[in-house]
Amino acid sequence: MNVDIPGVDVVRHAVDLACRAPSVHNSQPWHWTLTDDRLELHTDPERLLKTADPNGRQMVISCGAALHHLQVALTAVRWTAEIVRLPEGPRSPHLATIRFQHDARPQSHDFDLAAAMRHRYSDRRAFDPVKTWGPGTLSDMVRGRGARLTVLPADARRTLAEATELTAAARRYDAMYHTELHWWAGHSIPAGGIPPTALATADERARVGIGRNFPSGTDTHGADSTQIDQSTVVVLSTGTDTRMDWLRCGEALSALLLDATVNKVATCPLTHVTEVPQSRAMIGDLLPEPSYAQALVRLGTVGVRAPRQTPRREVDAVLSVNKSRRENSR
């Protein structure tokens, strides 16, 4: 056995954790291929949201989040992921090639981040304000990852609500959008989508006011029926709007969400207001310098039981292992 190449079981474990990453509508639009000396990450075009995400921007952001999850998972088992991004150019579905070095020295926080992947979830209910945060600042979570993080002031809430209303108005009579949305959300898909138990009720959704207009769900779990959302909203943005920007933004999103989970801060990514050009421009106007809004995240606290996690595909459905690796693992 080559000690510089992890065994198939190690890679399967890391990919399993990587696939706990958030993705638009829990579409999980990724596929991994393990060859003799490397792991490759590709988009899965069959899981593209053709109406909400026709150019694949959110699909690539989702894959970027899975790529960062993979790095965290490998670090926890003492493997360093050496990543080449977009090795075949910006138009290829091949997003990353990962090679391995058995030289990682994980610290206690690395183990905390790896554990957070198992119980991170998107919470669509109203939040109380963030009370405390761990060492460092929010901006520290994404520094060096190719994305900018902006904490929006409370008075930006009105603009966020207007952008949400504008997006909803643009979609109101879009039958294809609603068909796509209802395919992925509001009913049970065995290994994907957002089941009713992970969606807020209509009353709960109305108390947030800036979320996507998902089908009504059953997720109250004892929430205060009078609470108005008091979350902090942050924007992840990039200076340009390329496929590389999208991928790196997904990595930054994962870093933020995992660190928040470690610090017991509830999170809910928001992407609907970046899908329509006019609402995306409104978010861009809130930023301190010209940039492209890629994703927003609500941050806060909830003092009640967590919603159920959304289902995930089996590892064998998202990971292909070439014949020689399978034989060498026996």
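In this predicted model, Trp133 is found in the loop that runs between helix H3 (108-119) and helix H4 (138-142). With a relative accessibility of 22%, Trp133 counts as partly exposed, because the buried class is kept for values under 20%.

**Surroundings of Trp133**

- Once neighbours within four places in sequence are left aside, the residues in contact with Trp133 are Leu138, Met141, Asp259, Ala260, Asn263 and Val265.
- Trp133 and Val262 are 129 residues apart along the chain, yet their C-alpha atoms are separated by 9.6 Å.

**Helix H8**

- Helix H8 covers residues 243-262 and has 20 residues, and its reach of 29 Å from the first C-alpha to the last is close to the 28 Å expected at 1.5 Å a residue.
- Of the 20 residues of H8, 18 are buried, so the helix is largely enclosed by the rest of the structure.
- Just after H8 comes Lys264, whose phi is positive, at about 60°.

**Aromatic rings and a charge over a ring**

- The count of aromatic pairs comes to one, and the pair, formed by Trp79 and Phe100, is edge-to-face because the ring centres are 6.4 Å apart and the planes stand at 85°, where an angle over 60 degrees is what edge-to-face requires.
- Trp79 belongs to the loop between helix H2 (57-76) and strand E3 (80-85), whereas Phe100 belongs to strand E4 (residues 94-101), so the pair ties together parts that are 21 residues apart in sequence.
- Both partners are buried, Trp79 at 5% relative accessibility and Phe100 with a relative accessible area of 6%.
- Elsewhere, Arg298 lies over the face of Phe127, at 4.2 Å from the ring centre.

**Cysteines**

- A search of the whole structure for disulfides finds zero, the criterion being a pair of cysteine sulfur atoms within 2.5 Å.
- For Cys63, the closest cysteine sulfur is that of Cys19, and the 9.4 Å between the two sulfurs is too far for a bond; Cys63 itself counts as buried, at 0% relative accessibility.
- For Cys268, the closest cysteine sulfur is that of Cys249, and at 15 Å this is likewise too far for a bond; Cys268 also counts as buried, with a relative accessibility of 5%.

Definitions and conventions:
Residues numbered from 1 in each chain as written. Predicted model: local features only at pLDDT ≥ 70, side-chain atom pairs only at ≥ 80, totals over all residues. Heavy atoms only, no water. Helix = DSSP H or I, 4+ residues; strand = E, 2+ residues; numbered from the N terminus. Expected span 1.5 Å × (residues − 1). Buried < 20%, exposed > 50% of the residue type's maximum accessible area, 1.4 Å probe, protein only. Contact = heavy atoms within 4.5 Å. Phe/Tyr/Trp six-rings, centres within 6.5 Å; stacked < 30°, edge-to-face > 60°. Lys NZ or Arg CZ within 6 Å of the ring centre and 35° of its normal.
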